[in-house]
Amino acid sequence: KLSIKDRLGLIRDMFALAEGGYIDTVTALDFSLAYKHETEYIVWAELASGIGKVNALFGDETYKKYALSLFSPLASRMGWEQVKGEDHSHTFLRSLAISGAGSYGDKNIIKHAQKLFKDRVKNPIRADIRSTVYAIVAQNGTQKEWNLFKNLYLKEKMHEEQERYGRALAQFRDKKLLEQTLNFAISKDVRTQDAPFMIGAVWGNVHGRDLTW
């Protein structure tokens, strides 16, 4: 019943209060559950940011289940296919939903993303979900996937697509693979102006933060 601005403001304030120590984090997370049926991308983006900050600090399996209770139903509602005539915010929300569900361990989302990636030559992945699919594949990948993304990066001529591969190289969870990404970022194979973004992406990965420093 509240306006979009009020819904956004409330969730932003709750996480800000928790971050400042004025309320406990559990209160903010419990309040977030009231947003399960939220439909606006801008509100979900704020919600995802707050949940992500907490996960970066002390996310565990129990926390992942909590996050999935929000993102999995949203991903199910949004689906993978674009709806004819949908606006940009709807497209962004789909990508956010799939990304959230996949990163917190939704097995169906992960499996479908891996299938899309495997079939990408025969059926090219839509641009609006391409980065998300790459990230999910990398998050659940091994040395094999790392080598593949590196080779794709080296061969790619379009800068935008090359950036997607570069961000994917920063999404792995194995610290050895992330160390390879950092070494690759400062090698002659990566343009000097692109290296900081790849390094920053590894730093943004909870598994690579200390390694990056």
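Both phenylalanine 149 and tyrosine 165 are buried, a word used for residues with under 20% relative accessible area, as against exposed for over 50% and partly exposed in between, with a 1.4 Å probe and protein chains only. The model is predicted, so local features need pLDDT of at least 70 and side-chain atom pairs count only at pLDDT 80 or more, while totals for chains, interfaces and linings use all residues. Residues are numbered from 1 along each chain as its sequence is written, and side-chain values use heavy atoms, with hydrogens and water left out.

A pair of aromatic rings is described by the distance of the centres and the angle of the planes. Rings of Phe, Tyr and Trp (its six-membered ring) pair if their centres lie within 6.5 Å, and planes under 30 degrees apart count as stacked, over 60 as edge-to-face and the rest as tilted. By this rule there are 14 aromatic pairs. One of them joins phenylalanine 117 to phenylalanine 149 in a tilted arrangement, with 5.2 Å from centre to centre and 35° between the planes. This pair links distant parts of the chain, 32 residues apart, since phenylalanine 117 belongs to helix 6 (residues 107-118) and phenylalanine 149 to helix 8 (residues 143-155); helices are DSSP runs (H or I, at least four residues), numbered from the N terminus.

Phenylalanine 117 is buried at a relative accessible area of 6%, and phenylalanine 149 is buried at 0%. Phenylalanine 149 also forms a tilted pair with tyrosine 165, at 6.4 Å centre to centre and 50° between the planes. Tyrosine 165 lies in helix 9 (residues 159-169) and phenylalanine 149 in helix 8, so this pair ties together parts 16 residues apart in sequence. Ring pairs link Phe117, Tyr134, Phe149, Tyr165 and Phe172 into a cluster.

Terms used
Helix = DSSP H or I, 4+ residues; strand = E, 2+ residues; numbered from the N terminus.
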